[in-house]
Amino acid sequence: MTKVIAVVNQKGGVGKTTTAINVGAGLAKHGRSVLLIDMDSQGNLSRGLGCKAKRGQHTIRDTLISVGNNNLTNPFKGIVTNKSEHLDIMPANRQLFGFERSMIENEDAPFLLNRFVNCVRSRYDYILIDCSPSLGILTQNALVAADSVMIPVDPEFFGLEGVKVITDTMELVRKNMNSGLSLEGIVITRRNNVSIAKRTNAEALRQKFGDKVYKTELPSSVKASEAAACGMSLLRYQSWNHLAKAYASLVEEVLANERQ
Ligand SMILES: Nc1ncnc2c1ncn2[C@@H]1O[C@H](COP(=O)(O)OP(=O)(O)OP(=O)(O)O)[C@@H](O)[C@H]1O
Ligand SMILES: [Mg+2]
């Protein structure tokens, strides 16, 4: 059965994109077929896997426009395959920003991504959606299309209150648009340079969310940005790196929840 996971946090720079890329790459290493959808006009996921969308290239924005116009004749159009990583990617670029603004008045707007995902989901075991640092209409689309939500959290800057904003938003989506939406898991990032605030916040998260917080915590590593600059997952760039190993163990936890 396919699982669609949105990687969400309105706070910027917490590791959403790095997590989407490396969890996706890890699942692919375990033989799962994976589609990564870039739902951020920054296009970092696309760039981080070496498939920066060129001018005129079909991106997720074009797909969403076609869905809105009821003429999505080929839902696979625009999906790029990264053969070395065994990953399919639906890229995004800056144009998604203009599209986001144009959707504000459209009642149908939150459902567009879901309609696309429903057309392609049977082809994949996992679909991971990398969201922008906001809870705006693009992230809302991801929450409507997803089965579950993965929240990367840097407890130094973002404790319980921040996560509550996301879980409250999920609750609203559950009530009105996607009753099946669940919490996949919370992943604590940048575990190193331990500060008291960080430890306290991390413990508070574990107390509140119990086993929904992954055992694996993601340490800090400069190799994360090096790998992204080379257009590769860290798992491929330097599989022996401590952060890569942490991602591999996070993937084991995701696989253990596969049937939930
Ligand atoms: N564990 C880590 N250790 C050190 N650097 C990291 C780690 N994870 C990610 N980074 C780096 O931190 C920066 C932000 O990470 P990333 O892009 O994954 O965050 P994001 O939440 O997707 O950001 P945005 O909200 O802007 O989309 C990137 O340069 C990335 O390479
Ligand atoms: Mg990102």
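**Entry 1: ligand 1**

I began with the shell around ligand 1: it has 18 residues, and K16, T17, T18, P219 and S221 come nearest. Near, for me, is a heavy atom within 4 Å of the molecule. The model is predicted, so I kept local features to pLDDT of at least 70 and side-chain atom pairs to pLDDT 80 or more, while totals for chains, interfaces and linings use all residues.

Next I looked up polar contacts. These are pairs of N or O atoms within 3.5 Å; within protein, one must be able to donate a hydrogen and the other to accept it, and residues adjacent in sequence count only if both atoms are side-chain atoms. The side chain of K16 has an N or O atom 2.8 Å from an oxygen of ligand 1. I found 2.8 Å for the side chain of T17 too, again to a ligand oxygen. For Q42, a polar side-chain atom lies 3.1 Å from an oxygen of ligand 1. Alone, ligand 1 exposes 630 Å², and the protein buries 80% of that. I took these areas from the Shrake-Rupley method with a 1.4 Å probe.

I sorted the shell by class: five nonpolar, nine polar and four charged residues. Here Ala, Val, Leu, Ile, Met, Phe, Trp, Tyr, Cys and Pro are nonpolar, Asp, Glu, Lys and Arg charged, and the others, Gly among them, polar.

**Entry 2: the largest pocket**

Where does ligand 1 sit? I find ligand 1 in the largest pocket, by the test that more than half of its atoms lie within 2 Å of the grid points. A pocket is an open set of points on a 1 Å grid over the protein atoms alone, where a 1.4 Å probe fits, with protein on both sides within 12 Å along at least five of seven lines; lining residues have an atom within 4 Å of a point. Helix 1 (16-29) and helix 9 (223-229) each give two or more residues to the ligand shell. Helix 1 gives the most, three.

The largest pocket holds about 570 Å³. Of its 32 lining residues, G15, T17, T18, R190 and A224 are closest to the centre. Helix 1 also gives the most to this lining, six residues. By class I noted 13 nonpolar, 15 polar and four charged.

**Entry 3: the second largest pocket**

I read a volume of about 330 Å³ here. It has 13 lining residues, with K52, A53, R55, N93 and R94 closest to the centre. The lining splits into two nonpolar, six polar and five charged residues.

Notes
Residues are numbered from 1 along each chain as its sequence is written. Chains are lettered from A and ligands numbered from 1 in the order in which they are written. Side-chain values use heavy atoms; hydrogens and water are left out. Helices (H or I, at least four residues) and strands (E, at least two) are DSSP runs, numbered from the N terminus. Grid points are joined across faces, edges and corners, and a volume is the space filled by probe spheres set on the points.
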